[in-house]
Every structure is written in C-alpha cells, then in structure tokens.
Amino acid sequence: MADTADTRTPAEIEADIRRRREVLADTLDEIGVRVHPKTIVGDAKAKVVSNIDHTLGRAYVQVNRVVSDVRAQFVDEEGAPRLERVVPVALVAVGLVGLLALGARRRRG
C-alpha cells in the first residue's frame, strides 16, 4: 500500500495553495476576456476580414493570370505587338464604337 502521508510543511502547503489560486485567477481572467461580448465581436470581425482578404487575394491572382493570358495573345515574347492579332481586334472595336455612336445619334434625332 502506498504511503499517502504528506511530508510538506504547513508553509509549503500554503505556498502551493497560493500558487494554485494565482493560476486559477489568471485562468478565470482569461476566460472572462474570451467570453466578453466585445472580444467575441472583435474575433468575428477579424475572421471576416481575414476571409475577405483571402478572397480578394485569390481574385487578384485570378485577374492577374487572365490579364497575363490576354497580354500573351497580343504581345510576343520580346514585347513587340502581334499585329496579326491587334489589327483585327482594333477594327472590331472601332466598328462597335461607330455602331454605338450611330445608334445614339438616331435616338436623339
């Protein structure tokens, strides 16, 4: 059978109790801070901001990839424009602007 006698002095026991109380007080303070409504709201806001930042970061990467892909269609590896692709697109754009201008002019007249 194990010896259960406590060999500590009363002063050591009191010191242990004092340390335990301090640890428990710190733990209760931490719990109080964690469950405080302002802390909960702040944590929720931080999580939302983090998710928004993550989403915006992913969107930025996706847009950057699309722009790079489109640029690769109109510029060669040396940075010179590919006229065989730029000229037809420019002509289509000018044609669309012209049609829109004519359509707006007819509505006014």
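Visitor: A salt bridge here is a side-chain nitrogen of Lys or Arg within 4 Å of a carboxyl oxygen of Asp or Glu. Which residues are linked in a network of salt bridges?

Guide: Arg8, Asp16 and Arg19 form that network. Keep in mind that this is a predicted model, where local features need pLDDT of at least 70, side-chain atom pairs count only at pLDDT 80 or more, and totals for chains, interfaces and linings use all residues. Residues are numbered from 1 along each chain as its sequence is written, and side-chain values use heavy atoms, with hydrogens and water left out.

Visitor: Okay. How far apart are the N and O atoms of Asp16 and Arg19?

Guide: The closest N and O atoms of Asp16 and Arg19 are 2.1 Å apart. Asp16 also meets Arg8 through its side chain, at 2.2 Å from N to O.

Visitor: What separates Asp16 and Arg19 in helix H1?

Guide: About one helical turn, because Asp16 and Arg19 are three residues apart in helix H1. Helices are DSSP runs of H or I with at least four residues, strands are runs of E with at least two, and both are numbered from the N terminus.

Visitor: How many salt bridges does a search of the whole structure find?

Guide: Four. One of them joins the side chains of Arg34 and Glu30, at 2.6 Å from N to O. Arg34 and Glu30 are four residues apart in helix H1, so about one helical turn lies between them. Arg34 counts as exposed at 57% relative accessibility. Glu30 counts as partly exposed at 41%.

Visitor: Let's zoom out. How many helices and strands are there?

Guide: Three helices and zero strands. Along the sequence the pattern reads α-α-α. Helix H1 covers residues 10-34. Helix H2 covers 37-74 and helix H3 covers 83-108.

Visitor: What radius of gyration does the protein have?

Guide: The protein has 36 Å, while a compact globule of 109 residues would be near 13 Å. That radius is taken over C-alpha atoms, and the globule rule is 2.2 Å times the number of residues to the power 0.38. The C-alpha trace spans about 105 × 45 × 25 Å along its principal axes.

Visitor: What share of the residues is buried?

Guide: Buried residues make up 2% of the 109. The protein exposes about 10100 Å², with carbon and sulfur atoms supplying 62% of it. These areas come from the Shrake-Rupley method with a 1.4 Å probe, and for residues only the protein chains shown count as cover.

Visitor: Which residues make the nonpolar surface patch?

Guide: Leu28, Ile31, Val35 and Ile40 make a patch of about 390 Å². Patch residues have over 30% relative accessible area and no salt bridge; like charges are joined within 9 Å and nonpolar side chains (Val, Leu, Ile, Met, Phe, Trp, Tyr) within 5 Å. Ile31 lies in helix H1 and is partly exposed at 44%.

Visitor: New topic. Where is Asp76?

Guide: In the loop between helix H2 and helix H3. The side chain of Asp76 reaches the backbone nitrogen of Ala80 at 2.8 Å. Polar contacts are pairs of N or O atoms within 3.5 Å; within protein, one must be able to donate a hydrogen and the other to accept it, and residues adjacent in sequence count only if both atoms are side-chain atoms. Asp76 is partly exposed, with a relative accessible area of 25%.

Visitor: Last one. What pLDDT does the protein average?

Guide: It averages 90, and 95% of the residues score at least 70. pLDDT is the predictor's confidence in each residue, from 0 to 100.

Terms used:
Buried < 20%, exposed > 50% of the residue type's maximum accessible area, 1.4 Å probe, protein only.
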